[in-house]
Amino acid sequence: MKMGLIGTMHRAPCATALPLRHVRPTVIRCSSSSGHVSFIKDIAATNPPEHLDHLLKVLQTRGDTIVSPGSRQGLIPLAIPLSENLSGAITALLRWPTAPPGMEMPVVEVRKHGVWLLAKNVDQYIHRMLVEEDAHHVEESNGELFHASSEAGKKLYRMGDFAESRISNLDSFLLSKVGLFPDVLERKVRRHFEEGDHVSALVTGEFYTKKDLFPGFGRPFVFNAEILQKVGRVSEAKDSARVALKSPWWTLGCAYQEVAGIAQWEDEQIEYIKEKVTEEGRQEDLKKGKAPVQIALDEAAFLLDLASIEGTWTDSLERIAECYKEAGLDEIARFIMYTD
(Lines give C-alpha, C1' and ligand atoms only; values in the text may rest on other atoms or scores of the structure.)
Protein backbone atom coordinates (compact mmCIF):
# COMPACT_ATOMS: atom_id res chain seq x y z
CA MET A 1 0.00 0.00 0.00
CA LYS A 2 1.21 3.50 -0.76
CA MET A 3 1.12 5.42 2.47
CA GLY A 4 1.14 8.70 0.60
CA LEU A 5 -2.40 8.05 -0.57
CA ILE A 6 -3.72 7.87 2.94
CA GLY A 7 -2.30 11.21 3.89
CA THR A 8 -4.78 12.90 1.54
CA MET A 9 -7.86 11.12 2.70
CA HIS A 10 -9.72 13.39 5.16
CA ARG A 11 -12.00 14.65 3.62
CA ALA A 12 -15.60 15.37 4.90
CA PRO A 13 -17.52 17.59 2.53
CA CYS A 14 -15.71 18.61 3.95
CA ALA A 15 -25.00 -4.19 1.95
CA THR A 16 -27.43 -4.99 3.99
CA ALA A 17 -28.81 -2.97 6.88
CA LEU A 18 -27.67 -4.34 10.20
CA PRO A 19 -29.75 -4.18 13.39
CA LEU A 20 -28.55 -1.56 15.80
CA ARG A 21 -30.49 -2.18 18.92
CA HIS A 22 -27.81 -1.75 21.57
CA VAL A 23 -30.10 0.65 23.42
CA ARG A 24 -33.76 1.42 22.92
CA PRO A 25 -34.21 5.03 21.82
CA THR A 26 -36.20 7.42 23.95
CA VAL A 27 -39.68 7.58 22.48
CA ILE A 28 -41.57 10.83 22.03
CA ARG A 29 -45.30 10.15 22.31
CA CYS A 30 -46.38 13.10 20.23
CA SER A 31 -45.65 14.46 16.79
CA SER A 32 -44.34 17.83 17.92
CA SER A 33 -41.11 18.85 16.20
CA SER A 34 -40.19 21.49 18.79
CA GLY A 35 -37.72 19.17 20.53
CA HIS A 36 -35.88 18.37 17.32
CA VAL A 37 -35.81 21.98 16.14
CA SER A 38 -34.40 23.26 19.43
CA PHE A 39 -31.90 20.39 19.58
CA ILE A 40 -30.57 21.22 16.11
CA LYS A 41 -30.34 24.94 16.96
CA ASP A 42 -28.97 24.69 20.48
CA ILE A 43 -27.01 21.42 20.57
CA ALA A 44 -26.09 20.66 16.96
CA ALA A 45 -25.45 24.40 16.46
CA THR A 46 -26.86 24.66 12.97
CA ASN A 47 -30.05 25.74 11.22
CA PRO A 48 -32.87 23.17 11.26
CA PRO A 49 -34.37 22.23 7.87
CA GLU A 50 -37.36 24.40 6.99
CA HIS A 51 -39.78 21.48 6.64
CA LEU A 52 -38.47 19.27 9.43
CA ASP A 53 -41.81 19.32 11.24
CA HIS A 54 -43.56 18.11 8.08
CA LEU A 55 -41.04 15.28 7.67
CA LEU A 56 -41.65 14.14 11.24
CA LYS A 57 -45.40 14.10 10.65
CA VAL A 58 -44.95 12.06 7.46
CA LEU A 59 -42.64 9.59 9.21
CA GLN A 60 -45.13 9.16 12.03
CA THR A 61 -48.02 8.76 9.60
CA ARG A 62 -46.23 5.98 7.71
CA GLY A 63 -45.91 4.07 10.99
CA ASP A 64 -42.60 5.17 12.48
CA THR A 65 -42.21 6.10 16.13
CA ILE A 66 -40.73 9.55 16.69
CA VAL A 67 -37.68 9.37 18.95
CA SER A 68 -35.82 11.93 20.98
CA PRO A 69 -33.01 13.72 19.09
CA GLY A 70 -30.80 13.19 22.12
CA SER A 71 -31.32 9.43 22.16
CA ARG A 72 -27.93 8.78 20.57
CA GLN A 73 -26.21 6.25 22.81
CA GLY A 74 -24.63 3.56 20.66
CA LEU A 75 -25.20 5.52 17.43
CA ILE A 76 -22.64 7.26 15.25
CA PRO A 77 -22.24 10.60 17.08
CA LEU A 78 -22.92 12.69 13.98
CA ALA A 79 -26.53 11.44 13.71
CA ILE A 80 -29.60 13.26 15.03
CA PRO A 81 -32.33 10.59 15.38
CA LEU A 82 -35.78 11.36 14.03
CA SER A 83 -37.76 8.13 14.05
CA GLU A 84 -37.62 4.36 14.35
CA ASN A 85 -39.59 1.99 12.13
CA LEU A 86 -41.07 -1.39 13.06
CA SER A 87 -37.90 -3.24 12.03
CA GLY A 88 -35.78 -1.07 14.33
CA ALA A 89 -34.15 1.08 11.63
CA ILE A 90 -33.40 4.65 12.71
CA THR A 91 -34.00 7.55 10.31
CA ALA A 92 -31.82 10.53 11.22
CA LEU A 93 -30.29 13.77 10.05
CA LEU A 94 -26.53 13.86 9.52
CA ARG A 95 -24.57 16.71 11.07
CA TRP A 96 -21.32 17.02 9.10
CA PRO A 97 -18.72 18.53 11.49
CA THR A 98 -17.15 20.77 8.84
CA ALA A 99 -19.89 21.17 6.24
CA PRO A 100 -19.45 23.94 3.65
CA PRO A 101 -21.73 26.96 4.12
CA GLY A 102 -25.17 26.35 2.67
CA MET A 103 -24.91 22.56 2.60
CA GLU A 104 -28.19 21.04 3.76
CA MET A 105 -28.41 18.26 6.32
CA PRO A 106 -28.79 14.86 4.60
CA VAL A 107 -31.41 12.33 5.69
CA VAL A 108 -29.78 8.98 6.52
CA GLU A 109 -30.53 5.55 7.91
CA VAL A 110 -28.28 4.68 10.82
CA ARG A 111 -26.49 1.34 10.48
CA LYS A 112 -23.94 -0.56 12.51
CA HIS A 113 -20.93 0.63 10.52
CA GLY A 114 -22.18 4.16 9.84
CA VAL A 115 -24.98 5.61 7.74
CA TRP A 116 -26.81 5.01 4.46
CA LEU A 117 -27.83 8.12 2.54
CA LEU A 118 -31.62 8.26 2.05
CA ALA A 119 -31.84 11.74 0.56
CA LYS A 120 -29.68 14.83 0.22
CA ASN A 121 -32.12 16.92 2.22
CA VAL A 122 -35.48 16.86 3.99
CA ASP A 123 -37.52 18.19 1.07
CA GLN A 124 -36.16 15.56 -1.29
CA TYR A 125 -37.06 12.77 1.12
CA ILE A 126 -40.60 14.09 1.65
CA HIS A 127 -41.00 14.42 -2.13
CA ARG A 128 -39.88 10.81 -2.65
CA MET A 129 -42.27 9.42 -0.06
CA LEU A 130 -45.20 11.29 -1.58
CA VAL A 131 -44.42 9.98 -5.08
CA GLU A 132 -44.09 6.43 -3.76
CA GLU A 133 -47.41 6.68 -1.94
CA ASP A 134 -49.08 8.00 -5.08
CA ALA A 135 -47.54 5.30 -7.29
CA HIS A 136 -48.19 2.34 -5.01
CA HIS A 137 -51.71 3.15 -3.89
CA VAL A 138 -53.42 4.76 -6.87
CA GLU A 139 -56.73 3.05 -6.15
CA GLU A 140 -56.97 2.59 -2.40
CA SER A 141 -54.84 5.44 -1.01
CA ASN A 142 -56.53 8.29 0.75
CA GLY A 143 -53.33 10.31 0.57
CA GLU A 144 -52.42 10.03 4.25
CA LEU A 145 -48.79 10.99 3.73
CA PHE A 146 -49.73 13.82 1.41
CA HIS A 147 -52.15 15.23 4.00
CA ALA A 148 -49.51 14.83 6.73
CA SER A 149 -46.99 16.75 4.63
CA SER A 150 -49.37 19.75 4.59
CA GLU A 151 -48.05 22.90 2.89
CA ALA A 152 -44.64 21.36 2.26
CA GLY A 153 -46.22 18.54 0.29
CA LYS A 154 -48.23 20.91 -1.85
CA LYS A 155 -45.06 22.76 -2.80
CA LEU A 156 -43.20 19.57 -3.66
CA TYR A 157 -45.69 17.32 -5.45
CA ARG A 158 -49.15 17.24 -6.99
CA MET A 159 -51.06 14.01 -6.47
CA GLY A 160 -51.59 12.22 -9.77
CA ASP A 161 -48.45 13.58 -11.44
CA PHE A 162 -46.89 10.11 -11.57
CA ALA A 163 -49.82 8.59 -13.46
CA GLU A 164 -50.10 11.61 -15.76
CA SER A 165 -46.39 11.44 -16.61
CA ARG A 166 -46.92 8.09 -18.36
CA ILE A 167 -43.53 7.02 -17.02
CA SER A 168 -44.26 3.39 -16.23
CA ASN A 169 -41.22 2.78 -14.02
CA LEU A 170 -41.29 4.40 -10.58
CA ASP A 171 -37.49 4.48 -10.28
CA SER A 172 -37.23 6.31 -13.61
CA PHE A 173 -39.74 8.90 -12.38
CA LEU A 174 -37.84 9.39 -9.12
CA LEU A 175 -34.52 9.89 -10.90
CA SER A 176 -35.93 12.29 -13.49
CA LYS A 177 -38.46 14.25 -11.43
CA VAL A 178 -37.38 14.05 -7.78
CA GLY A 179 -33.63 13.55 -7.46
CA LEU A 180 -30.81 11.05 -7.32
CA PHE A 181 -30.91 8.37 -4.62
CA PRO A 182 -28.21 5.75 -3.99
CA ASP A 183 -30.60 2.81 -3.65
CA VAL A 184 -32.49 3.75 -6.81
CA LEU A 185 -29.30 4.11 -8.86
CA GLU A 186 -28.04 0.78 -7.58
CA ARG A 187 -31.34 -0.90 -8.48
CA LYS A 188 -31.05 0.57 -11.95
CA VAL A 189 -27.60 -0.99 -12.39
CA ARG A 190 -28.80 -4.38 -11.17
CA ARG A 191 -31.74 -4.22 -13.56
CA HIS A 192 -29.37 -3.56 -16.46
CA PHE A 193 -27.38 -6.65 -15.47
CA GLU A 194 -30.55 -8.73 -15.26
CA GLU A 195 -31.41 -7.61 -18.78
CA GLY A 196 -27.93 -8.51 -20.00
CA ASP A 197 -27.03 -4.89 -20.74
CA HIS A 198 -23.58 -4.72 -19.17
CA VAL A 199 -22.61 -1.54 -21.00
CA SER A 200 -25.52 0.45 -19.52
CA ALA A 201 -24.79 -1.05 -16.10
CA LEU A 202 -21.17 0.11 -16.22
CA VAL A 203 -22.08 3.56 -17.54
CA THR A 204 -24.62 4.06 -14.76
CA GLY A 205 -22.12 2.83 -12.18
CA GLU A 206 -19.54 5.34 -13.36
CA PHE A 207 -22.14 8.13 -13.40
CA TYR A 208 -22.96 7.28 -9.76
CA THR A 209 -19.39 8.25 -8.78
CA LYS A 210 -19.46 11.80 -10.18
CA LYS A 211 -17.92 13.91 -7.44
CA ASP A 212 -20.68 16.51 -7.28
CA LEU A 213 -23.55 14.02 -6.85
CA PHE A 214 -22.94 12.68 -3.33
CA PRO A 215 -20.07 14.73 -1.85
CA GLY A 216 -18.38 13.17 1.14
CA PHE A 217 -19.91 9.71 0.65
CA GLY A 218 -17.80 6.71 -0.29
CA ARG A 219 -20.72 4.42 -1.18
CA PRO A 220 -20.82 5.23 -4.93
CA PHE A 221 -17.19 4.13 -5.33
CA VAL A 222 -17.83 0.97 -3.33
CA PHE A 223 -20.73 0.00 -5.56
CA ASN A 224 -18.77 0.86 -8.70
CA ALA A 225 -15.93 -1.35 -7.45
CA GLU A 226 -18.39 -4.20 -6.90
CA ILE A 227 -19.79 -4.03 -10.43
CA LEU A 228 -16.33 -3.70 -11.99
CA GLN A 229 -15.29 -6.79 -10.07
CA LYS A 230 -18.45 -8.54 -11.27
CA VAL A 231 -17.44 -8.12 -14.91
CA GLY A 232 -13.83 -9.16 -14.28
CA ARG A 233 -12.22 -5.72 -14.37
CA VAL A 234 -10.28 -6.42 -11.19
CA SER A 235 -7.64 -3.69 -11.50
CA GLU A 236 -10.26 -0.98 -12.01
CA ALA A 237 -12.33 -2.41 -9.17
CA LYS A 238 -9.27 -2.18 -6.91
CA ASP A 239 -8.74 1.47 -7.85
CA SER A 240 -12.39 2.37 -7.22
CA ALA A 241 -12.33 0.65 -3.81
CA ARG A 242 -9.19 2.59 -2.86
CA VAL A 243 -10.89 5.84 -3.83
CA ALA A 244 -13.85 4.84 -1.64
CA LEU A 245 -11.52 4.37 1.32
CA LYS A 246 -10.37 7.98 1.01
CA SER A 247 -13.90 8.93 2.09
CA PRO A 248 -15.09 8.50 5.68
CA TRP A 249 -15.36 4.76 6.29
CA TRP A 250 -18.76 5.26 7.90
CA THR A 251 -20.12 6.35 4.48
CA LEU A 252 -19.20 3.11 2.67
CA GLY A 253 -22.63 1.53 3.14
CA CYS A 254 -21.04 -1.72 4.30
CA ALA A 255 -18.27 -3.04 6.53
CA TYR A 256 -14.76 -1.69 5.96
CA GLN A 257 -13.40 -5.20 5.45
CA GLU A 258 -15.58 -5.76 2.38
CA VAL A 259 -14.11 -2.73 0.63
CA ALA A 260 -10.55 -3.40 1.79
CA GLY A 261 -10.83 -6.85 0.24
CA ILE A 262 -11.64 -5.39 -3.19
CA ALA A 263 -8.88 -2.80 -2.69
CA GLN A 264 -6.47 -5.68 -2.00
CA TRP A 265 -5.43 -4.16 1.30
CA GLU A 266 -5.11 -6.15 4.48
CA ASP A 267 -4.68 -4.42 7.85
CA GLU A 268 -1.89 -2.03 6.90
CA GLN A 269 -4.23 0.92 6.42
CA ILE A 270 -5.83 0.37 9.82
CA GLU A 271 -2.40 0.13 11.44
CA TYR A 272 -1.29 3.31 9.67
CA ILE A 273 -4.30 5.23 10.99
CA LYS A 274 -3.78 3.86 14.49
CA GLU A 275 -0.23 5.22 14.35
CA LYS A 276 -1.47 8.62 13.19
CA VAL A 277 -3.65 9.06 16.30
CA THR A 278 -0.76 8.41 18.72
CA GLU A 279 1.26 11.21 20.30
CA GLU A 280 4.20 10.17 18.12
CA GLY A 281 2.03 10.52 15.03
CA ARG A 282 0.88 13.99 16.06
CA GLN A 283 4.46 15.12 16.73
CA GLU A 284 5.55 13.81 13.35
CA ASP A 285 2.82 15.84 11.64
CA LEU A 286 3.86 18.96 13.54
CA LYS A 287 7.47 18.50 12.42
CA LYS A 288 6.23 18.28 8.83
CA GLY A 289 4.59 21.68 9.25
CA LYS A 290 0.95 20.59 9.42
CA ALA A 291 -1.22 23.09 11.30
CA PRO A 292 -2.36 21.97 14.78
CA VAL A 293 -6.00 22.63 13.84
CA GLN A 294 -5.73 20.30 10.84
CA ILE A 295 -3.99 17.65 12.92
CA ALA A 296 -6.88 17.73 15.41
CA LEU A 297 -9.51 17.52 12.65
CA ASP A 298 -7.66 14.64 11.00
CA GLU A 299 -7.44 12.76 14.29
CA ALA A 300 -11.18 13.14 14.89
CA ALA A 301 -11.86 11.80 11.38
CA PHE A 302 -9.43 8.91 11.87
CA LEU A 303 -11.07 7.97 15.18
CA LEU A 304 -14.50 7.93 13.56
CA ASP A 305 -13.10 5.66 10.86
CA LEU A 306 -11.65 3.26 13.39
CA ALA A 307 -14.88 3.23 15.41
CA SER A 308 -16.86 2.39 12.26
CA ILE A 309 -14.99 -0.89 11.74
CA GLU A 310 -16.87 -2.58 14.57
CA GLY A 311 -19.51 0.07 15.19
CA THR A 312 -18.04 0.83 18.61
CA TRP A 313 -18.79 4.55 18.66
CA THR A 314 -19.02 5.10 22.42
CA ASP A 315 -15.41 4.08 23.11
CA SER A 316 -13.93 7.06 21.25
CA LEU A 317 -16.46 9.80 21.98
CA GLU A 318 -14.45 11.74 24.55
CA ARG A 319 -11.28 11.87 22.47
CA ILE A 320 -13.22 12.80 19.31
CA ALA A 321 -14.87 15.66 21.20
CA GLU A 322 -11.48 16.78 22.53
CA CYS A 323 -10.12 16.88 18.98
CA TYR A 324 -12.91 19.15 17.80
CA LYS A 325 -12.36 21.36 20.82
CA GLU A 326 -8.65 21.58 20.00
CA ALA A 327 -9.64 22.60 16.48
CA GLY A 328 -11.75 25.44 17.87
CA LEU A 329 -15.08 23.72 17.19
CA ASP A 330 -16.44 23.86 20.74
CA GLU A 331 -20.07 23.55 19.61
CA ILE A 332 -19.32 20.38 17.62
CA ALA A 333 -17.48 18.96 20.64
CA ARG A 334 -20.53 19.56 22.83
CA PHE A 335 -22.81 18.02 20.20
CA ILE A 336 -20.62 14.91 19.94
CA MET A 337 -20.86 14.29 23.70
CA TYR A 338 -24.56 15.04 24.13
CA THR A 339 -26.97 12.22 24.91
CA ASP A 340 -30.24 11.94 26.83
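Colleague: Which residue does Ala-92 stand opposite in β4?

Modeller: In this predicted model, Ala-92 stands opposite Val-108 in β4.

Colleague: How many bridges join β1 to β2?

Modeller: Two bridges join them, again in the antiparallel sense, and Thr-65 stands opposite Glu-84 in β2.

Colleague: Back to β3, is that strand mostly covered or mostly open?

Modeller: Strand β3 (residues 90-94) is mostly covered, with five of its five residues buried. Ile-90, Ala-92 and Leu-94 point one way from the strand, while Thr-91 and Leu-93 point the other way, and all of them are buried.

Colleague: What sits in the loop between β2 and β3?

Modeller: Asn-85 is found in that loop, and with a relative accessible area of 24% Asn-85 is partly exposed. The side chain of Asn-85 makes a polar contact of 2.8 Å with the side chain of Ser-87, and a polar atom of the Asn-85 side chain also lies 2.9 Å from the backbone nitrogen of Ala-89. The hairpin of β2 and β3 has five residues between the strands, and within this hairpin Gly-88 takes a positive phi near 95°.

Colleague: How far apart are Asn-85 and Ile-66 in space?

Modeller: Their C-alpha atoms are 8.9 Å apart, with 19 residues of separation in sequence.

Colleague: Which residues other than glycine have a positive phi?

Modeller: Ser-150 is one of them, with a phi of about 55°, and Arg-166 is another, with phi near 60°. Ser-150 has its place in helix α5 and counts as partly exposed because its relative accessibility is 30%. Arg-166, by contrast, is in the loop between α6 and α7 and is exposed, with a relative accessible area of 78%.

Colleague: Staying with α5, is Ser-149 buried or exposed?

Modeller: Ser-149 lies in helix α5 (residues 144-156), and its relative accessibility is 0%, so Ser-149 counts as buried. The side chain of Ser-149 reaches the backbone oxygen of Phe-146 at 2.6 Å. Leaving aside neighbours within four places in sequence, the residues in contact with Ser-149 are His-54, Val-58, Ile-126 and Leu-130.

Colleague: Which residues of α7 are buried?

Modeller: In helix α7 (residues 170-178), the buried residues are Leu-170, Asp-171, Phe-173, Leu-174, Leu-175 and Val-178. What covers them includes α4 (122-136), α6 (161-165) and α8 (182-194). At the start of α7, a side-chain oxygen of Asn-169 comes to within 2.9 Å of the backbone nitrogen of Asp-171.

Colleague: Which residues have the most contacts inside the largest nonpolar core?

Modeller: Leu-55, Leu-93 and Trp-250 have the most contacts inside that core, which has 99 residues. Not counting residues up to four places away in sequence, Trp-250 touches a set of residues including Ile-76, Leu-78, Leu-94, Trp-96, Val-115, Leu-304 and Trp-313. As background, nonpolar side chains tend to be buried together in soluble globular proteins.

Colleague: How many disulfides does the structure hold?

Modeller: The structure holds zero disulfides. Cys-254 counts as buried because its relative accessibility is 7%, and Cys-323 likewise counts as buried because its relative accessibility is 0%.

Colleague: Last topic, the whole chain: how many helices and strands does it have?

Modeller: The chain has 17 helices and five strands, and of its 340 residues 53% count as buried. The accessible surface of the chain comes to about 15,800 Å², and 50% of that surface belongs to carbon and sulfur atoms.

Definitions and conventions: Residues are numbered from 1 along each chain as its sequence is written. This is a predicted model: local features need pLDDT of at least 70, side-chain atom pairs count only at pLDDT 80 or more; totals for chains, interfaces and linings use all residues. Side-chain values use heavy atoms; hydrogens and water are left out. Helices (H or I, at least four residues) and strands (E, at least two) are DSSP runs, numbered from the N terminus. Buried means under 20% relative accessible area, exposed over 50%, partly exposed in between (1.4 Å probe, protein chains only). A polar contact is a pair of N or O atoms within 3.5 Å; within protein, one must be able to donate a hydrogen and the other to accept it, and residues adjacent in sequence count only if both atoms are side-chain atoms. Contact means heavy atoms within 4.5 Å. Accessible areas come from the Shrake-Rupley method with a 1.4 Å probe; for residues, only the protein chains shown count as cover. Two strands pair if DSSP finds at least two bridges between them. A disulfide is a pair of cysteine sulfur atoms within 2.5 Å. A nonpolar core is a set of buried Ala, Val, Leu, Ile, Met, Phe, Trp, Tyr and Cys residues joined through side-chain atoms within 4.5 Å.
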